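Trainee: Could we go through this structure residue by residue before turning to the overall fold?

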Amino acid sequence: MDRKQTVLYVEDNHLNMALMHHIFKKNLPSVLLLKAETAALGLQIARRTLPDLIILDIGLPDLNGYEAMDRLQNDELTRPIPVLAISAFAQRSDIERAQNAGFSGYMTKPFQVKALTEAVEKLLAGID
């Protein structure tokens, strides 16, 4: 039996967390969504569960998304996991910074449900 694909969502905003839960339940029902409200907890869960994808908010209160991404990339266990950045920062320089930091993708808030679903499906399938 194939194991269920897992996505870890690291987000401190409860409304965004609820929205993502709804999107996965409706559009990606075969994918298990794990959740963390802080970067530190997200890093612990990532090491423990090795999800297939991490969706990481850039504006977290404990570590920002770039600091968390740096830690993920410097850990041999979590380095191979693709990471999709989500942020309210929508300037071209923000997107370029995320690309340079090694994120597999970048979505701006508020995101379009269809675009998010497609990005998650592509990253889970290993398509860049």
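**Burial, rings and fold**

Trainee: Is Tyr-66 buried or exposed, and what is its relative accessible area?

Mentor: The model is a predicted one, in which local features need pLDDT of at least 70 and side-chain atom pairs pLDDT 80 or more, while totals for chains, interfaces and linings use all residues. Residues are numbered from 1 along each chain as its sequence is written, and side-chain values use heavy atoms, without hydrogens or water. Buried means under 20% relative accessible area, exposed over 50% and partly exposed in between, with a 1.4 Å probe and protein chains only. Tyr-66 is therefore buried, at 14%.

Trainee: How many aromatic pairs are there, and what is the angle between the planes?

Mentor: Rings of Phe, Tyr and Trp (its six-membered ring) pair if their centres lie within 6.5 Å; planes under 30 degrees apart are stacked, over 60 edge-to-face, and the rest tilted. That rule gives one aromatic pair.

Trainee: How many residues separate the two partners in the chain?

Mentor: Helices (H or I, at least four residues) and strands (E, at least two) are DSSP runs, numbered from the N terminus. Tyr-66 belongs to helix H3 (residues 65-73), whereas Phe-103 is in the loop between helix H4 (92-100) and strand E5 (105-108). The pair thus links distant parts of the chain, and the separation is 37 residues.

Trainee: Which residue lies over the face of Tyr-66?

Mentor: A charge sits over a ring if NZ of Lys or CZ of Arg is within 6 Å of the ring centre and within 35 degrees of the ring normal. At 3.7 Å from the ring centre of Tyr-66, the residue is Arg-97.

Trainee: With which side chain does that of Asp-57 make a polar contact?

Mentor: Asp-57 is found in strand E3 (residues 53-57), and its relative accessible area of 3% makes it buried. A polar contact is a pair of N or O atoms within 3.5 Å; within protein, one must be able to donate a hydrogen and the other to accept it, and residues adjacent in sequence count only if both atoms are side-chain atoms. At 3.1 Å, the partner of Asp-57 is Lys-109.

Trainee: In what order do the elements run from the N terminus?

Mentor: The protein has five helices and five strands. From the N terminus on, the order is β-α-β-α-β-α-β-α-β-α.
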